[in-house]
Amino acid sequence: MASITSGFSAMGIGTGGIDTASMLTQLQSAEQLRLTPYTALQTGYKNKISTWGQISSVMTTLQATVKKLSDSAFNTLTVSTNTAFTATASASASADAHSVSVQQLATAHKLKTETFSDADKQLGTPAGDGKTRTLTITQGESTITVDLADDETSLNQIAKAINKKDGNVNASVQRSSDGEYQLMLSAKKTGTDGEMKVSVEGDSSLAAILDTQNGGKNPENSASSGDAMTMVTASQDAVLTVDGTQYTRSSNNISDIITGVTLNLNAVSKDEQPEQLTLTVDTSAIKSTLQDFVTQYNALLANTSAASKYVASDTSGLTSDDVATKSSDSGALMGDATLRGMVSEIRSAANGWYGDSGATYGALADLGITIDAQSGQMTLSENKLDTAIADNADELGKMFKGSGDIDGLASTLGSIITKYAGDTESKTDGIIKNTTDNLDKQLTVAGEQIDKTQALIDAQVARYRVQFQNLDSVMSKLNSMSASVTSLMSSL
């Protein structure tokens, strides 16, 4: 706008005795008032979008805690510390006690060749004419096949070729105690399923070094198996007894015996005596999650209250013909039906009963969580909550998670939150997203209308400027004529 009024004096405006520059500035200011309704709409849309964004963010935080109340908060278990094994529990595990003893750990098969003075010396018999020999390593149904050229039969080259296949065998060249070199083959899988069988076709010299079909020579009796390679570690399955039943597994990491529990075997049980594995409900997880729930629920209600707040407009100084505008202290979503409906649903869910008939705990008040009837804010009595958790944690779990055909508080409230705020896990959009999308569209329309109106204002001010320039020119001529007449009259 400044560009339109700048340079008036340079253009001669005002030299005819009339202050047209000031007049043009005043007219321009009056024209700019045409933008006020659209800029007010634009500001309103922006404030609403921002406020809905804040509410949605707080709801998403509350949603995460509500999900915990419908699952992990009441399924978090404290696991005992044991020597022969460690255990971890998932949400599907149950509080219980088990007798566990470890008779044998699973080990991975490991083989080594005889020693050689040079790790880069070719050990195979040259086939010539570009022919190759084939090295095959078999582990159950898994097979690694490696083709070796005449210049790829050294220990280092063989190890490199095996590792390049990225199978279930790791190859390395190590130095023995006397400084010579030997090829080591290590199964990546523990248990008998990982036992290796090695064969070479097309090179009898290399076969004499690598062929192993019976687990490898026993290091205490090199002639015991007829194999070329020596066993460093035998393939061995884990053997353990849980609650009186013996199990054999190929791994020391076992998750298919006790539901929801993973056992990691560390050592054979001392004197074959079983250890007690205990899984107890972690009541601290229940309490901390409920504390978070109260804090986040109150934050949501505080946000919605601020967004819907009504502050009366200041009407002092207004005449009967003036229209009072909305107070700037009122909430951006004051009177919004969507917000009002959302808060009503949330507060109704929080005040509901979710226990079985005759249950001791079925409402938040029974846990020491009272709700202010006016503000909706929650107050938590930790002593009463501690008593409820210690008295019947299972009943509290049913209250939040639901039981049978009865929905729990967490599932009910979670459905309401998803309805409005959506859910990133299920990739669901909520009502708030649709509302802000519509506000974005209206904001775009308001911006386009502002641009159009500004263009009209600029054009009108330009017309005023031309008219004032013409008027100024006429007034200058009249002033000149007047001066000439005055001069002529004075000479008579």
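A nonpolar core is a set of buried Ala, Val, Leu, Ile, Met, Phe, Trp, Tyr and Cys residues joined through side-chain atoms within 4.5 Å. The exercises below use this term on a predicted model.

**Exercise 1. The largest core**

Task: Find which residues touch the most other members of the largest nonpolar core, and which elements give two or more residues to this core.

Solution: 
- Step 1. The largest nonpolar core has 50 residues. Ile-55, Met-59, Phe-293, Met-342, Leu-364, Leu-367 and Phe-400 touch the most other members.
- Step 2. Two or more residues each come from H3, H6, helix H7 (337–350), H8, helix H9 (409–421) and helix H10 (431–491).
- Step 3. H3 gives the most, with nine residues.
- Step 4. Now list the contacts of Met-342, leaving aside neighbours within four places in sequence. They are Trp-52, Ile-55, Met-59, Thr-304, Tyr-420 and Ile-432.
- Step 5. A second, separate core has 27 residues. Phe-116, Leu-123, Leu-135 and Ile-158 are among them.

In soluble globular proteins, nonpolar side chains tend to be buried together.

**Exercise 2. The aromatic pairs**

Task: Classify the two aromatic pairs found in the whole structure.

Solution: 
- Step 1. Take Phe-74 and Phe-400. Their ring centres are 5.7 Å apart and their planes meet at 25 degrees, so this pair is stacked. The cut-off for stacked is under 30 degrees.
- Step 2. Locate both rings. Phe-74 sits in the loop between helix H3 (36–69) and strand S1 (77–79), and Phe-400 in helix H8 (residues 382–401). They are 326 residues apart, so the pair links distant parts of the chain.
- Step 3. Check burial: Phe-74 and Phe-400 are both buried.
- Step 4. Take Phe-293 and Tyr-297. The centres are 6.0 Å apart, with 45 degrees between the planes, and this pair is tilted.
- Step 5. Both residues lie in helix H6 (residues 283–308). They are four residues apart, about one turn of the helix.
- Step 6. Phe-293 has 1% relative accessibility, so Phe-293 counts as buried. Tyr-297, at 0%, is buried too. The cut-off for buried is under 20%.

Key: Residues numbered from 1 in each chain as written. Predicted model: local features only at pLDDT ≥ 70, side-chain atom pairs only at ≥ 80, totals over all residues. Heavy atoms only, no water. Phe/Tyr/Trp six-rings, centres within 6.5 Å; stacked < 30°, edge-to-face > 60°. Buried < 20%, exposed > 50% of the residue type's maximum accessible area, 1.4 Å probe, protein only. Contact = heavy atoms within 4.5 Å.
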